[in-house]
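Please open the model in your viewer and keep the selection tool at hand. We will go from stop to stop, selecting a few residues at a time.

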Amino acid sequence: MEIRRASPADAEAIARLEAEIFSDPWGEVDVTSYICRETAMCFTATDESGVVGYIIGTKIPPEGEIYRIAVRPDKRQRGIGYRLLSYGLKTELGEGVETVFLEVRSKNPPAIALYRAYGFTECGKRKNYYQNPIDDAIIMMLGR
């Protein structure tokens, strides 16, 4: 498996995973637009089958935010999510980002466990933030 910076050529594969995993998926045009932003933090995990995971975020020093992290369902429980998170944060934290925020569904224990394992802590909650299905968002942070 290789982790590398995402390119516009990855947008179609990322959008397919978005549609498979999220109830509010980003489309290919949205993904392409985001990857091309100067402030974007976008990395993919690939193997012989293609893109198996990705992380999308932003960095506006001294803060960063993770918007999406996903791993293909048949590739989960192999540490890919942790490796994507680690790679993205180590790469981008070296560029002046001191604090990183993210939001996660309160009913997503695997994602919450991943973030806690990396050192993120809960710093807030947004009631009924997510739709389809309705769920609260837990706001988590890493850093100062």
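Before the first stop, one term: a residue is called buried when its relative accessible area is under 20%, and exposed when that area is over 50%. Keep in mind, too, that this is a predicted model.

**Stop 1: helix 1**

Select residues 11-21, which form helix 1, and colour Ala11, Ala13, Ile14, Ala15, Leu17 and Glu18: these are its buried residues. An α-helix has 3.6 residues a turn, so residues three or four places apart point the same way. What do the buried residues of helix 1 pack against? Show helix 2 (28-35) together with strand 2, strand 3 and strand 4, and you have their partners.

**Stop 2: the largest nonpolar core**

Now select Ile66, Leu84, Leu85, Tyr115 and Phe120. The largest nonpolar core has 26 residues, and these five touch the most other members. Several elements give it two or more residues: strand 2 (40-47), strand 3 (50-60), strand 4 (63-71), helix 3 (80-93), strand 5 (99-105), helix 4 (109-118) and strand 7 (135-143). Helix 4 provides the largest share, five residues.

Stay with Tyr115 for a moment. Beyond its neighbours within four places in sequence, Tyr115 is in contact with Ile69, Leu85, Leu102, Val104, Phe120 and Met140. Apart from this core there is another, of 14 residues, including Ala40, Val51, Ile56 and Ala70.

**Stop 3: aromatic rings**

Show the side chains of Phe, Tyr and Trp; the structure holds seven aromatic pairs. One of them joins Tyr115 and Phe120, edge-to-face, at 5.8 Å centre to centre with 65 degrees between the planes. Tyr115 has a relative accessible area of 5%, so it is buried; Phe120, at 3%, is buried as well.

Next, select Tyr129 and Tyr130. Their ring centres are 5.1 Å apart and their planes stand at 85 degrees, so this pair is edge-to-face. Are these two residues buried or partly exposed? Tyr129 is partly exposed at 42% relative accessibility, whereas Tyr130 is buried at 15%. Then select Trp26, Tyr34 and Tyr67, which ring pairs link into a cluster.

**Stop 4: the largest pocket**

Rolling a probe the size of a water molecule over the atoms shows where empty space is left. The largest pocket holds about 1000 Å³ of space. Which of its 33 lining residues are the closest to its centre? Select Phe22, Ile69, Asn108, Ala111 and Tyr115 to see them. Strand 4, helix 3, strand 5, helix 4 and strand 6 each give two or more residues to the lining, and strand 4 gives the most, with seven. Coloured by class, the lining shows 19 nonpolar, six polar and eight charged residues.

**Stop 5: the backbone**

The peptide bond from Pro61 to Pro62 is cis, with omega near 15 degrees. Another cis bond runs from Asn132 to Pro133, with omega near 0 degrees; Pro133 lies in the loop between strand 6 (121-130) and strand 7.

Asn132, in that loop, has a positive phi of about 55 degrees although it is not a glycine. With a relative accessible area of 57%, Asn132 is exposed.

Definitions and conventions. Residues numbered from 1 in each chain as written. Predicted model: local features only at pLDDT ≥ 70, side-chain atom pairs only at ≥ 80, totals over all residues. Heavy atoms only, no water. Core = buried A, V, L, I, M, F, W, Y, C linked by side-chain atoms within 4.5 Å. Buried < 20%, exposed > 50% of the residue type's maximum accessible area, 1.4 Å probe, protein only. Helix = DSSP H or I, 4+ residues; strand = E, 2+ residues; numbered from the N terminus. Contact = heavy atoms within 4.5 Å. 1 Å grid on protein atoms, 1.4 Å probe; cavity = no way out; pocket = protein on both sides within 12 Å on 5 of 7 lines; lining within 4 Å. Points joined across faces, edges and corners; volume = space filled by probe spheres on them. Nonpolar A, V, L, I, M, F, W, Y, C, P; charged D, E, K, R; others polar. Phe/Tyr/Trp six-rings, centres within 6.5 Å; stacked < 30°, edge-to-face > 60°.
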